[in-house]
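Keep the predicted model open while reading.

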Amino acid sequence: MIHSLAAAMSNQLQNTSSFNSGTWNFQDVRNSSPVRTSDMRPVVVSPWDIALCVTGTLIACENAIVIAILFYTPTLRAPMFVLIGSLALADLLAGLGLILNFIFTYMLNTEFVTLISVGLLIAAFSASVLNILAITVDRYLSLYNALTYHTERTVTFTYVMVILIWLVSIALGLLPLMGWNCLRDESTCSICRPVTKNNAVALAVTFLLIFALMMQLYLQICKIAFRHAQQIAVQHHFMAISTTKGVSTLSVILCTFALCWMPFAMYSIVADSTYPIIYTYATVLPATCSSVINPIIYAFRNPDIQKSLWLACCGCVPSNFSLRPRTSSDV
């Protein structure tokens with residue numbers, strides 16, 4: 001979903017500055033040709049770009065820990081952990097993409113590396129959003145088909161879903177390199193150059209459809225959970241508390257996802273490259289923060305991953321730590 005963020009923003013900021021060395025300087029967004037300054041001067045670094053780079057570093061570190069835990073813990077091979085690992089990989093690539101994008105913008109800003117940066121960020125953030133949708137589907141199936149959830153068929157379905165997610169994401173990431181960009185016609189650029197306005201709108205609308213589907217699935221999850229609570233009369237009080245907690249958790253997850261991505265998606269639809277760049281930064285940064293929050297929501301809250309993390313860091317598990325029964329809200 002997020003494209004060459006820092007590259008597009010920095011190019012526009014450099015239009016108003018005379019400090020430009022070794023980077024592209026677009027004097028006119030609509031009718032311009034890339035030129036280079038002849039003398040060596042300090043490069044002006046946007047604080048927003050620094051914030052995105054720092055966010056990318058945090059994203060990469062968090063998700064590298066998650067991937068390491070899943071890789072070195074053989075017991076974490078259930079379908080939900082496969083999806084968590086796929087999400088962590090997507091967010092890790094997104095974090096690395098933000099870091100590389102910052103380096104490319106201020107040290108090696110050419111059309112080719114810009115398109116490479118675009119492709120990496122599109123693929124990574126698209127995979128992140130699709131993996132969150134896949135986890136939502138997995139939660140729904142774990143309640144709807146509780147008796148057959150851990151069968152081989154479910155495992156196969158999970159791997160097929162992950163493969164499809166990455167194939168779609170890689171295909172989206174390759175589009176800019178295949179000519180779906182506005183490098184030859186600046187007037188068609190979206191808020192994130194070199195992605196065209198039409199492509200940005202298509203991706204934003206797709207996100208809104210994914211969000212609507214997630215809302216529908218979470219509503220079904222809540223209905224199923226409350227029905228299960230009513231069917232178990234003996235444990236009615238316990239289940240009511242557990243179900244209420246689970247619904248609250250799902251509400252937090254859905255609201256967090258919406259708050260991170262909705263501003264950027266809506267702004268991508270209504271705005272274009274002529275809008276003030278400050279608004280783009282203000283919507284992009286919360287969207288990237290989604291990848292900071294994902295490991296906390298989907299990985300570090302899980303008791304199995306918590307146990308593995310304690311063993312990896314301290315070599316032991318606290319005496320007051322107990323593995324409670326796994327539920328859909330743990331994922």
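## Aromatic pairs

F71 and Y72 are both exposed. Their ring centres lie 5.0 Å apart. The planes meet at 85 degrees, so this pair is edge-to-face; the cut-off for that class is over 60 degrees.

Y267 and Y275 give another edge-to-face pair, because their planes also stand at 85 degrees. Here the ring centres are 6.1 Å apart, and pairing requires centres within 6.5 Å. Y267 has 11% relative accessibility and counts as buried. Y275 has a relative accessible area of 36%, so Y275 is partly exposed.

How many aromatic pairs does the count come to? The count is 11 aromatic pairs. One aromatic cluster is formed by F125, F207, F211, F257 and W261.

## The disulfide and other cysteines

Searching the whole structure turns up one disulfide. The bond links C182 and C189, with an S to S distance of 1.9 Å. The limit for calling a disulfide is 2.5 Å between the sulfur atoms. What is the handedness of the disulfide? The torsion about the S-S bond is about 90 degrees, so the disulfide is right-handed.

Are C182 and C189 buried or exposed? C182 has a relative accessible area of 0% and is therefore buried. C189 is at 2% relative accessibility, so C189 counts as buried too. The cut-off for buried is under 20%.

C61 has a relative accessible area of 46%, which means it is partly exposed. C222 is at 16% relative accessibility and so counts as buried.

## A nonpolar surface patch

Which residues make the nonpolar surface patch? They are F112, I116, I170, L174, L177, M178 and W180. The patch covers about 720 Å².

Definitions and conventions: Residues are numbered from 1 along each chain as its sequence is written. This is a predicted model: local features need pLDDT of at least 70, side-chain atom pairs count only at pLDDT 80 or more; totals for chains, interfaces and linings use all residues. Side-chain values use heavy atoms; hydrogens and water are left out. Patches are made of residues with over 30% relative accessible area and no salt bridge: like charges are joined within 9 Å, nonpolar side chains (Val, Leu, Ile, Met, Phe, Trp, Tyr) within 5 Å. Accessible areas come from the Shrake-Rupley method with a 1.4 Å probe; for residues, only the protein chains shown count as cover. A salt bridge is a side-chain nitrogen of Lys or Arg within 4 Å of a carboxyl oxygen of Asp or Glu. Buried means under 20% relative accessible area, exposed over 50%, partly exposed in between (1.4 Å probe, protein chains only). Rings of Phe, Tyr and Trp (its six-membered ring) pair if their centres lie within 6.5 Å; planes under 30 degrees apart count as stacked, over 60 as edge-to-face and the rest as tilted.
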